[in-house]
Structures are given as structure tokens and as C-alpha cells.
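Let us go through this model by question and answer. Have the sequence and coordinates open.

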Amino acid sequence: MATKTTKWVTLVALFVVLSNYSWAQRVLTGKVTDGIDPIVGATVTVRGSLGGTSTDSEGNFSLSTDVTSGELVIRILGFSSRTVPFSAESNLGTIVLTVSDSQSLEEVVVVGRGIIDIAEDRKTPIAVSTISRTEIQNKGVGNVEFPEIMKNTPSVFVANQASGFGDGQNFLRGFDQSNTAYLLNGQPINGMEDGNMYWSNWSSIADVANAIQVQRGLGSSKLAISSVGGTVNIVTKATDLKKGGSVRFMTGNDGYLKGTVGYNTGLQNKWGFSMMIDYWRADRKYAVGTQGEGQSYFFSVGYKPNDRHNFNFMVFGAPQKHGQNYSKALETTYWPDDASGGIAGQINTPGYDLTGIKGNHNYGHYNGEGLSLVTNFYHKPVANLNWDFDIDEKSSLSTVLYASLGRGGSTGSLGNGQNRLPSMYGSAYGPQGQLLWDNIAEYNADIADGISSGFNGTMLRASMNNHFWYGLVSNFNHETDVGLTFNVGADLRFYHGDHFRQIINKLGLDSRIENSPAHGGEFEITETFKADPWASLFNYAPVDQRVGYDDSEDINYQGLFGQVEYSSEDFSIFVQGSVSNQSYVKLNRWNYEGGEAKSDMETKFGYNIKGGASYTINEENTLFVNIGQYSRQPFLDNVFQQGTIDFTDPVVDNEEIFGLEAGYRFVIPNFTINLNGYYTAWKNRFLAYDAGNREVNGTVYTNVTYLLTGVTQLHKGLELDFQAQITPQWMLRGYGSLGDWQYDGDSPYRLRNDEDSQIIDSGNLGLSGVKVGNAAQTSFGFGTEYDILENLSVDANYNFYDRLYAQVEAEDVVGAALEGEIYAPERLDSFGVFDAGLTYTFRIGNQPIKFRGNVLNLFNTKYFGRKDGFGYYYGLGTTWNAGLTYSF
């Protein structure tokens with residue numbers, strides 16, 4: 001033990017020494033401006049040296065170096081990089097940067113340059129928008145949804161911001177999150193099983209994001225990811241070059257509080273270390289019962305042994321827990337009789353008429369304390385190791401090895417359920433639709449022997465979704481002397497997921513009897529587990545304490561990609577392609593006798609190929625066109641029938657996606673405008689709709705699903721965006737998107753009885769001309785920033801959304817056909833969003849303190865109704881936050 005302690009003390013002491021050691025022989029000083037105002041946060045490095053710094057709030061820098069002569073390199077997002085030679089002089093005076101003709105994400109990519117698919121990797125233009133670190137820090141931190149940062153770009157629509165912390169959804173050109181590729185430092189982060197994104201898993205990612213690039217449509221991604229809507233690259237901090245740190249405190253509406261601490265050792269003697277930790281909590285998001293709490297941590301270690309190699313290891317996690325408030329019926333429904341378990345006249349499902357827009361039928365009080373029926377809790381730490389290797393002046397290799405461990409799930413009722421409470425115990429819902437947990441507990445107290453089984457007794461359970469995921473992405477790049485660039489690489493992913501339920505609160509009961517063929521029939525459950533993101537990392541139900549279901553899956557993915565590009569002064573052309581192989585295996589430990597049952601392996605081959613060309617007419621005008629064809633493997637959730645190891649009938653095949661886009665770009669000093677047009681045909685889609693109860697040929701089935709194959713969507717539209725630097729103090733930007741998104745042709749369907757997985761009906765749906773729902777097909781917005789004083793600025797944005805349609809449901813289309821009508825989804829109300837912010841920087845001594853305040857308000861909207869009675873949260877009310885950041 002003494003030997004181990006001595007080693008740790010020695011290592012800590014060595015680290016402290018290295019963090020403060022310097023080889024500096026001289027100090028270079030200067031000031032960086034845009035010609036009028038200082039530029040804050042510009043990175044200043046000596047070419048070929050390991051050290052670096054950044055400019056302070058007045059644009060000044062001071063850099064120690066042992067180099068007697070050489071070149072300074074100054075970089076910052078939004079400006080062209082500048083190289084300044086130096087020799088004998090130490091004070092380099094004022095260095096002026098010019099506004100870049102593009103928002104250059106490359107300037108902030110410290111590691112993973114060959115992995116992170118930034119648009120600058122390719123000369124041929126694409127439809128792209130880049131969001132700077134400054135805007136992320138100003139607009140994205142605090143109690144706003146991370147997708148909100150992207151709402152000021154064309155064809156982006158954000159929904160469900162008010163249902164709970166991290167429950168927002170992002171749509172790109174009308175395609176939802178499962179059909180848009182999201183990358184974190186080159187690592188794919190969409191769910192492997194269904195493609196979904198859960199922003200609650202990435203709470204506080206804005207605190208560590210250096211930049212976000214939204215590539216619409218085909219994009220520049222070389223990975224074999226076959227996204228439909230586009231690709232969103234999130235680039236996080238690496239090990240910072242400058243020694244120092246910051247402390248930030250934020251507050252906001254409804255009891256929101258957040259504290260953040262960060263520190264960087266700087267790159268000292270080839271090593272560097274950065275860290276950030278924070279804590280946040282809030283009483284609610286908008287409705288009652290949407291309280292939230294969480295932490296975030298970020299650790300980054302950098303090692304640069306020489307100019308040819310650069311290593312960076314990062315760990316990031318954001319454990320969180322929050323209550324949820326799902327959409328509900330506009331009007332309260334009541335049980336007509338007790339045939340389905342309810343009592344005649346008793347509330348079945350509360351609606352907005354009972355709860356109001358801030359009410360929550362998932363929330364109430366139990367033993368005097370608030371308790372939510374639906375709580376999400378999750379902890380998904382991720383780690384990646386980047387290695388950048390400059391082989392020579394023409395060749396480079398970038399590799400990232402990554403892994404993530406996901407633990408957690410969402411809670412709900414088990415057994416009788418909250419809407420089947422026998423009448424002698426009173427209603428399960430109060431006069432405002434809130435849950436009366438004490439009435440449910442009183443009912444449980446009369447259950448014989450305190451043992452729940454079937455629909456007898458009510459407990460709280462958690463549906464767990466655990467996974468372990470690791471992979472590798474590697475990319476080799478070679479440039480020639482004749483304008484040709486070659487890119488080849490590999491994308492490998494290995495995924496294991498576990499899904500089961502466990503009890504978290506017995507609500508006064510003692511145990512639960514479950515019935516599973518894999519367990520030999522009936523068996524008793526006695527243990528409970530915490531709905532806590534930290535506890536769930538290692539303490540979750542063993543196989544003999546799981547309820548409801550218990551299954552797993554293994555997904556293995558191997559992809560190869562390549563790109564060839566030729567560019568000259570006026571013209572560029574590229575061809576890009578990838579092939580991929582994906583295998584699926586399903587395991588079930590519930591519905592089959594003899595314990596665990598395993599499916600056959602299903603393997604599917606996919607590919608994509610795309611190409612494009614651009615022509616620069618002159619310095620101001622550029623034209624481009626891109627075309628691509630994808631064959632994308634289906635998600636695992638579509639390959640297997642629910643609750644079984646059987647393959648879906650009919651077999652689900654690859655989706656086929658064709659994309660065509662063209663664009664025009666006009667650039668003059670301080671003004672840029674982009675015009676893009678696109679056409680995307682998405683064929684052979686598979687969709688599954690939960691239809692609840694259905695009567696077929698005189699028989700009532702209580703749990704059925706529509707299975708649709710051969711669905712086609714056509715998305716086409718125009719996008720316009722511009723940015724103008726009217727004066728050095730005043731920036732104006734705007735965008736507009738006009739889309740036409742609709743289904744095309746007929747789609748066969750089958751109606752499956754989920755109780756026994758049998759097909760009970762089939763037919764054909766006529767979908768031609770039916771509008772695609774859930775995202776606004778018309779949107780536009782304007783934004784401005786103005787520096788009132790050197791240390792005081794304001795900004796504001798307005799977004800307007802229209803032609804927003806309800807989601808198509810298969811039974812609606814079938815019902816309309818039976819009535820001899822053509823189905824048309826309801827068009828929901830248009831609405832607008834306004835947000836504004838103020839930034840003020842002052843000093844205490846030599847240390848800057850930054851104040852930032854934001855307010856966001858939605859106009860002309862409360863909630864959205866549909867003909868069949870369900871509402872959707874697209875954002876509600878007013879959100880505000882304010883914070884102070886102290887840098888040292």
C-alpha cells in the first residue's frame with residue numbers, strides 16, 4: 001500500500017511541475033482586431049511549436065516561446081486565419097483579421113481533422129450552416145433545448161420543447177432525428193436500434209461544444225451512414241492551449257439553477273489537461289411535474305510528442321433525471337362501461353379541458369411528496385481517443401477509437417394501471433387531472449397478502465434500455481501535386497443492447513407475481529431499484545428480478561468509404577462512395593421455454609454513392625450541383641417482430657434514397673448569400689403504427705399494429721440564407737425555407753395482432769398527395785447582433801413557421817377510404833418564436849466577468865389539436881435565463 005501511495009504522490013507532484021514548467025526565453029505580445037474592435041478568444045500559436053494562447057477581452061495576447069524567429073498563426077471562427085512573421089521584435093503591434101468568406105469550422109477543429117466531416121474537407125460546396133462557439137455559449141447553455149441552437153438555419157424545425165428537459169426533437173428538411181445523422185467528434189451517436197436521438201442523454205453538451213455544422217441533404221460526410229435529412233457535426237473542445245479557467249453561475253425561470261467550473265493546464269511540455277464539471281436543477285420545464293436535475297463532466301488529456309503526431313483522450317457524461325408531460329387528448333375521455341377494466345363514468349384519460357396547458361396528468365403527490373408516473377433517467381458516458389498523424393506534407397491519417405456505456409430508462413405503471421382504479425377507492429385523477437397516488441395506495445393496501453399479479457395491484461416500474469457500444473473510424477488522406485485528393489477509410493461499430501423492466505416503487509405492496517415461459521411459468525419479484533442515473537450504472541435488476549419482458553440484441557456494422565476530388569482554380573469535381581455490411585441478432589429471455597432464445601443472424605448489405613461539381617464564375621459567384629443514391633439498411637426495431645426473435649412478416653428490405661441538389665453562392669466583403677434547391681425521393685420505407693383496439697371480421701383485438709411496406713416520401717424545396725456585416729458593430733442575417741413534402745403512391749399494409757404476432761388483416765393505402773406531418777414546411781427568420789459599446793452587445797432573432805400538418809396515422813387513411821373520402825391531415829396553426837439576448841463584460845482587477853441574459857417567447861400558440869383529439873407540444877410560453885462567467 002505504501003508503494004502505491006508513493007507512486008500516486010510522485011505522479012501528482014510530477015503533473016503539477018509539468019503544468020507550471022516553461023521553456024520560454026522571450027515573450028511575444030500584440031493585439032488582434034477586426035480593423036476597429038478587438039477580437040476576443042482568437043487562438044495564437046507559433047508555427048511548429050507546442051505552446052499557444054488566446055486573446056483576452058481587449059484582443060491582447062502574450063505568448064512565451066523559446067523560438068527566436070518564425071511565424072505566428074492566429075485563428076478564430078468567422079475570420080480568415082492570419083500568419084505573421086517575427087524575428088527580433090517582441091511587440092508585434094495590432095494584427096487585423098478579415099471576415100472569412102465562409103463560416104470556417106476547420107479553424108476550431110484541433111483534433112480529428114480527417115474524421116470530423118466538416119465541409120472544408122471538400123472544395124465542392126454543399127448546403128451547410130456553421131454555428132460558432134460564441135453563439136452556442138450565448139444561446140445554447142442553460143434551460144433551452146440543444147436543438148434550439150440550430151433553429152436559425154434553413155429547413156430546421158424544433159418540436160416538443162415543453163414536454164420535459166431534453167425531450168426536444170429536431171427535424172431537417174422534414175425528416176426526423178432518426179433519419180438525420182449526428183456525429184460527436186466523428187463518432188456516430190444516433191441510436192443503433194432505431195436511429196433516434198435523445199437530447200436528455202447529452203445534457204450540457206453546449207458547454208463543451210466548439211462548433212456545430214449543419215449539413216443539409218447529401219452533405220460532405222464520407223462515413224457509410226446514409227443519412228436522409230443531412231448530417232449534424234458537433235465538435236467538442238479538445239485540450240485547450242491556454243492555461244486558465246472559468247466559473248459560471250446561471251439562473252432562470254421556474255427555479256432553474258446551474259453552476260459550471262472549468263480549468264485548463266495549457267499545453268506544457270507536450271502534455272495538457274482540460275476539465276469541466278457542472279450541476280443543474282429546476283422545479284419544472286413548463287408544465288408541473290417536469291422537474292429536472294443533472295450533472296455533466298468533461299475531461300480531456302492531450303499529448304503532442306512532435307509536429308507529426310497529436311493525441312487527445314476525452315470523456316464526457318451527463319447523468320440526468322427529469323419528469324415528463326406527454327401530449328394528451330384535447331378533451332377528457334371516460335369509461336363507458338367496465339368491459340375493458342374501467343368503471344362507467346370514471347376518467348379514462350384526462351385532457352387539456354381538465355388539466356389546462358400547464359397541468360400534467362402524469363403527476364401527483366404520494367405521502368405528501370411529489371411523484372411523477374413518467375420519469376426519464378439516463379447516464380451515457382462516452383470516451384474517445386483521437387490520433388492525428390501527419391505522415392508527410394501530402395499524406396495524413398486520422399483515427400478515433402470510441403466507446404459508450406448507456407444505463408437508464410423511463411418509468412410507468414405496472415399491473416392495474418392508474419386509469420382502472422375500482423370506484424370504491426375514488427378516482428385516480430383529481431379535479432385538475434392530477435394523479436391521486438394516495439387513492440391508488442389505498443387500493444393496494446387491500447390486495448390479498450400484498451401480492452400483485454396481472455391487473456391486480458399497481459406498482460411503478462422502469463423500462464430499462466442499457467447498452468454497450470464501441471467502434472473505430474479511420475481516414476487516410478493524400479493530396480497530389482496535380483489537384484487530385486484521395487480519401488479512404490473504415491467505419492466499424494459493435495453494439496449490444498439490453499431491454500427489460502424492473503420495479504422501482506411497490507406503492508405499499510410486498511411483491512409481484514410474473515408469468516414467463518423462460519422462467520418456467522410463475523415466479524415472484526421482491527426487489528426494487530432506484531430510478532437514478534448514477535445508481536443505474538451498476539445496480540439494475542438481475543434476470544430473476546425483471547418484469548414484463550427481457551430481451552437483447554447484437555448489431556455489428558462494418559463500412560468502407562472513399563472519395564476522389566479534383567480541384568483547380570475555377571472548377572472542382574468529386575466522387576464519393578461507401579459500402580457497408582450490417583448484421584442483426586435478437587435474444588429473448590421471456591417468451592420462450594428453456595431460458596434464453598436466440599434468433600438467426602440477419603445480414604444486410606448497403607451502399608451509397610454521390611458526386612458533385614462546382615464552378616467558380618468569379619470571386620463573387622459560385623454554382624454547384626450534387627447527386628447521390630443510398631441503399632440504407634433498416635433499423636433493428638423494424639427487422640424483428642416486437643417481443644419475439646421472429647423476423648417481421650413481410651421481411652423488411654433496404655430503404656432506397658435518391659438526392660439531387662443545386663446551389664448558388666454570392667460573396668462580397670461583409671456579405672454572403674446562399675440559394676439551394678433540393679429533391680429527395682425516399683422509397684421502400686417501413687412504418688409501424690400502434691392502432692390500439694380494432695375490430696376485424698367481428699372480433700375485437702386489444703393490441704394491434706399497422707405494418708406498412710413500400711412507403712414513398714418526396715421532399716423538395718428551396719432554401720435561402722444570407723449574412724451581412726452592415727458595420728463593424730452591426731450584423732444582420734436571415735433565412736427562408738419553402739418545402740413541399742408529401743407521400744407518393746400506394747403502400748401495402750398488414751394488421752398484426754401483437755398478442756400472438758399473427759396477421760389479422762391486410763390491404764392497400766393510397767397515400768399520394770398526403771402531406772408529411774410534424775414539421776413546418778414553410779419557415780423564415782431574421783436575426784441581428786449589435787455592439788452598443790465595446791463591452792456591451794445585444795442580439796435578437798425571430799422565426800415564423802407555417803404549413804405544419806398533423807402526423808399521418810394509418811387508421812385515418814383506412815377510415816377515410818372506407819367512407820369513400822381522400823384523407824387529408826389537419827393543418828395546424830402557424831406560429832412565431834422570438835428570442836433576444838444581452839451580453840455585458842466588465843472587470844474586477846484584471847479578470848473579466850461576463851454577464852449574459854436570454855429570453856425566448858412563442859407567439860400565437862398554446863398547443864396543437866388534431867381531429868382525432870391528440871395534442872402536440874411544439875413549444876410553450878416564455879423561457880429566460882441569465883448568468884455570470886468569471887474567467888481566470
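Q: In which order do the five strands of the open sheet lie?
A: This is a predicted model: local features need pLDDT of at least 70, side-chain atom pairs count only at pLDDT 80 or more, and totals for chains, interfaces and linings use all residues. Residues are numbered from 1 along each chain as its sequence is written, and side-chain values use heavy atoms, with hydrogens and water left out. Strands (E, at least two residues) and helices (H or I, at least four) are DSSP runs numbered from the N terminus, and two strands pair if DSSP finds at least two bridges between them. The pairing in this open sheet is mixed, and the order is 8-13-14-11-12.

Q: Which residue is the bridge partner of isoleucine 131 in strand 13?
A: Strand 8 and strand 13 (residues 209–216) run antiparallel, joined by four bridges. In strand 13, isoleucine 131 has as its bridge partner isoleucine 212.

Q: How many residues apart in sequence are the parts that arginine 216 and glutamate 719 tie together?
A: The two side chains form a salt bridge (a side-chain nitrogen of Lys or Arg within 4 Å of a carboxyl oxygen of Asp or Glu), at 3.0 Å, N to O. Arginine 216 lies in strand 13 and glutamate 719 in strand 40, so the pair links parts separated in sequence by 503 residues.

Q: Is glutamate 719 buried or exposed?
A: Buried means under 20% relative accessible area, exposed over 50%, partly exposed in between (1.4 Å probe, protein chains only). Glutamate 719 also forms a salt bridge with arginine 173, closest N and O atoms 2.9 Å apart. At 0% relative accessibility, glutamate 719 counts as buried.

Q: How many salt bridges does the structure hold?
A: One network joins Lys139, Glu148, Lys151, Asp795, Asp835 and Arg852 through shared partners. Aspartate 254 and arginine 284 also meet in a salt bridge, at 3.1 Å, N to O. The total is 30.
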